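Here's a quick briefing to read alongside the model. Have the sequence and the 3D view open as you go.

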Amino acid sequence: MKDRLIKIYHGFGLPRLIISVFLLALIIVAAGTDLSVPGLLSDSLVRIGQNGIYVLAMIPSIQAGAGLNFGLPVGVIAGMVGVLVSMENSLMGFGGFLVALLVAIPLGTIAGYLYSLLLNRVAGQEMMVGTYVGFSVVAGMCIFWLMAPFSNPALIWPVGGQGLRVTLTLVDTFGGTLNNFLAFQIFGLTVPTGLLLFYALLAFLLWLFLRSKPGVAMEVVGRNPRFAVASGLNINSYRSVGIVLSTVLAAIGYVVYAQSFGFAQLYNGPLMTAFPAVAAVLIGGASTREAKVVNAIIGVILFQTLLTVAMPVTNQLVEGNISEIARVIVSNGMILYALTRVTGGEQA
Amino acid sequence: MSHVKKFVARNAVPILFAIVCLLGVYYAKMPGQFLFMEIVKRMARNSFLVLSLIIPVVAGMGLNFGIVLGALAGQIALILSTHWEWAGIGGLALTALLATPMAVVFGMLAGTVLNKAKGREMITSMVMGFFANGIYQFVFLFLVGTVIPFENEALRISTSPGLRNTVNLSRIRGALDNIWTIQYGFTKIPIVTFLIIALLAIAIWAFFKTKLGQDFRAVGQDRHIAGVAGIQTDRNRVLAIVFSTVLAAWGQIIFLQNIGTLNTYNSHEQVGTFAIAALLIGGASVTRATIGQALMGTFLFHLLFVVSPSAGQAIFGSAQVGEYFRVFVAYGIIAISLALHAWRSKSLVKASMEEDVSA
């Protein structure tokens, strides 16, 4: 019995245990105040579905040996262009959502492929280079948003006739399409069925891919490049597969995020998208060299629930918004912890 | 002729940026006097911070994004000195003195963490900067006024916890700059500030002539060989970060006494990025940085910063384009330098591996 408990403990890991206990304590505190616990949990479900795909995007890049994908904004930008094209044409509901995806996925593939060509040349330093490539792309796109050929008055500044607005609302187009699909209430808890189903579908597809022949080959390339070469695998092309997959997931992730959040934030909006996603997958038990789909799922559930529950609860106790600060401390602390663990090879 | 070629090849980045800056100056059509004033002001403000990056580069730890920690130490000292109403140059010197032990502690912590992350110092130092920023915000936005008793109208609004978003540093504004200025046109050149920057440059130069400085260089060139030669590599690496952090703390104090206002929660955020971008524009790389490169880079980067909004207005009809362009340049130059460095070191490893095989 004791051995079994120890085994469960080792499988689950200390960081997850601490966060789970803390989360439980927060929920108990919340129940003691006049906060609605089902309401908090409903919000958490939405945030899990909203951010889940970004966290899934970390898996293929880690498995292919390219480390945590700090260059997530490269894919996010592709998703943004998809959302904007759909909004420019005032497409509504599922039509709008699908068109956004249909634009975002090929763009994400192209961007991801170019990004992978760069990362293959800087093997060993992917995370640092990726971070700044992500930042540069976001900053460069700021110029694009100012000069982009969009003309729908709902998107551009009212004066001047050019330049996209900083924040766009999706309420009139396809905001909430996925969230409201088959949504139902149980014990006061609202379940965004469509959102969670879509997330589950992507997680399942990724899980399936990792078990397929190319998925296993990619893992071999990531785990042991020398062995991969000896087995006749082309390292760079399998790394590219992982990075492209990660970027495309980020692009899909943005479309889902925007429809759930209800707003698209341009310009510097996507600058830091990679960090919460990186933190979540690490909280879920992944390392910089090994990650499973289940790590991404556990991670996003723990991290997003923590953030959602922590804000209103701490607001009851102290004034001001502590959630943002908690996010910064928890996510960067987690990344720091992962970076300083001994992992065998030297990698950044 | 080959001399010229070599010079151009070695200084490709600063030459490229000099051309971009010249184009910017041409299109911006700013009055020369104004341009000169801005550049003098920005050089006085930023040079010290950029110079604080050199030592870790030489010690082989790459670009120290963790100078944010030093900047935080400087700011904490400034908050306290405002609270105690220290004024003038004496007050400023006391503030720098107060910041030093804090920066030493932060530097030691940072150096110890970085020793656990060899080969990925840069990303670790960057994340550490974000993390430290979170802790700083937690302390000054929440603990102050709730857990830590702190009553001062100038720093806090008593009805809500946390410090004010902006703190007026009127008592030490210009304390260093205004000791001795030389008027040139509209521009007041702060002689003492530039003297201190020169002093730091000489000190860094002299430092690398000492035994310790040479040890740093050896560690930077090859950690294992330095270790075999009896140099305590880990201790030297921590020391390099401590030096850098302390210099950054002083640098941030000089920066803020020039500006005169402390943006409590975001004065420090971009310190690392902008200082590093400036150093790289001067032609430095992840493994090589000199004082000349730091000063040249500060000059070019801030020239670009000053002219880009007007140049954007003239070329694209929008000042915003110029503003986004300069941020893009800052991030872009860092991305390119890091990529080039990784690319080169990868081909070096490859070459040495092939040598092993052929031998």
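Which residues touch the most other members of the largest nonpolar core? They are M58(A) and V278(A), in a core of 234 residues. A nonpolar core here is a set of buried Ala, Val, Leu, Ile, Met, Phe, Trp, Tyr and Cys residues joined through C-beta atoms within 7 Å.

Bear in mind that this is a predicted model: local features need pLDDT of at least 70, side-chain atom pairs count only at pLDDT 80 or more, and totals for chains, interfaces and linings use all residues. Residues are numbered from 1 along each chain as its sequence is written, while chains are lettered from A and ligands numbered from 1 in the order in which they are written.

**Inside chain A**
- Leaving out residues up to four places away in sequence, M58(A) touches L68(A), N69(A), A277(A), V278(A), V281(A), A291(A) and A296(A); a contact means C-beta atoms, placed from the backbone, within 7 Å.
- I252(A) sits in helix α11 (residues 235–261) of chain A; helices (H or I, at least four residues) and strands (E, at least two) are DSSP runs, numbered from the N terminus.
- I252(A) counts as buried because it has 25 C-beta neighbours inside 10 Å; the cut-off for buried is 20 or more other C-beta atoms within 10 Å of the residue's own.
- Again not counting residues up to four places away, I252(A) touches I53(A), G79(A), L101(A), A104(A), I105(A) and L202(A).

**Confidence in chain A**
- The average pLDDT (the predictor's confidence in each residue, from 0 to 100) is 87 for chain A, and 96% of the residues score at least 70.

**Chain B**
- Chain B has 14 helices and 4 strands.
- Buried residues account for 50% of its 359 residues.
- Strands β2 (residues 181–184) and β3 (residues 187–190) of chain B run antiparallel, joined by 4 bridges; strands pair if DSSP finds at least two bridges between them.
- Y184(B) has T187(B) as its bridge partner in β3(B).
- In that hairpin, with 2 residues between the strands, G185(B) takes a positive phi near 65°.

**Where the chains meet**
- The contact draws 41 residues from chain B and 35 residues from chain A.
- On the chain B side, α7 (121–143) and α14 (319–358) each supply at least two residues.

Conventions
Contact = placed C-beta atoms within 7 Å. Buried ≥ 20, exposed ≤ 12 C-beta atoms within 10 Å, placed from the backbone.
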